[in-house]
Amino acid sequence: ENLSPAELVQRILIGGENPLRAYREHRGLTQAQLAERSGVRQATISEIENGDSAGSVPTLQKLASALTVDLEMLIPAAD
């Protein structure tokens with residue numbers, strides 16, 4: 001569970017998918033479910049996943065905790 005499966009890593013690193021979306025979907029959660037678990041508004045999650053917002057460190061920490069991943073895993077790779 002601590003290691004990301006190869007498919008998840010490919011989605012993020014090769015496919016350029018937003019890490020938050022990839023981990024959320026990997027955990028089988030909707031944005032609304034993640035919002036409830038993390039205390040972060042669903043609209044904020046959507047903005048981060050769509051690239052409209054990077055998200056603050058405290059927000060990303062809440063999301064990482066709810067997804068049981070390290071904070072660094074939710075930071076998109078630089079172009």
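A polar contact is a pair of N or O atoms within 3.5 Å. The model shown in these views is predicted.

**View 1. Asparagine 18 sits in the loop between α1 and α2.** Asparagine 18 is buried, because its relative accessible area is 13% and buried means under 20%. A polar atom of its side chain lies 2.8 Å from the backbone nitrogen of leucine 20. Beyond its neighbours within four places in sequence, asparagine 18 is in contact with Ile48, Glu49 and Pro76.

**View 2. Helix α4 spans residues 42–49.** Its buried residues are Thr44, Ile45, Ser46, Ile48 and Glu49. Two of these, Ile48 and Glu49, are also contacts of asparagine 18. The cover over the buried residues of α4 includes α2 (19–26), α3 (31–38) and α5 (57–67). Just after α4 comes glycine 51, with a positive phi of about 80°.

**View 3. Leucine 13 belongs to helix α1, residues 6–14.** Is leucine 13 buried or exposed? Leucine 13 is exposed, because its relative accessible area is 62% and exposed means over 50%. In sequence, leucine 13 and valine 57 are 44 residues apart. In space, their C-alpha atoms are 21 Å apart.

**View 4. Val9, Leu13 and Ile14 make a nonpolar surface patch.** The area of this patch is about 320 Å². An α-helix has 3.6 residues a turn, so residues three or four places apart point the same way. Leu13, one of the patch residues, lies in helix α1.

Methods
Residues are numbered from 1 along each chain as its sequence is written. This is a predicted model: local features need pLDDT of at least 70, side-chain atom pairs count only at pLDDT 80 or more; totals for chains, interfaces and linings use all residues. Side-chain values use heavy atoms; hydrogens and water are left out. Patches are made of residues with over 30% relative accessible area and no salt bridge: like charges are joined within 9 Å, nonpolar side chains (Val, Leu, Ile, Met, Phe, Trp, Tyr) within 5 Å. Accessible areas come from the Shrake-Rupley method with a 1.4 Å probe; for residues, only the protein chains shown count as cover. A salt bridge is a side-chain nitrogen of Lys or Arg within 4 Å of a carboxyl oxygen of Asp or Glu. Helices (H or I, at least four residues) and strands (E, at least two) are DSSP runs, numbered from the N terminus. Buried means under 20% relative accessible area, exposed over 50%, partly exposed in between (1.4 Å probe, protein chains only). Contact means heavy atoms within 4.5 Å. A polar contact is a pair of N or O atoms within 3.5 Å; within protein, one must be able to donate a hydrogen and the other to accept it, and residues adjacent in sequence count only if both atoms are side-chain atoms.
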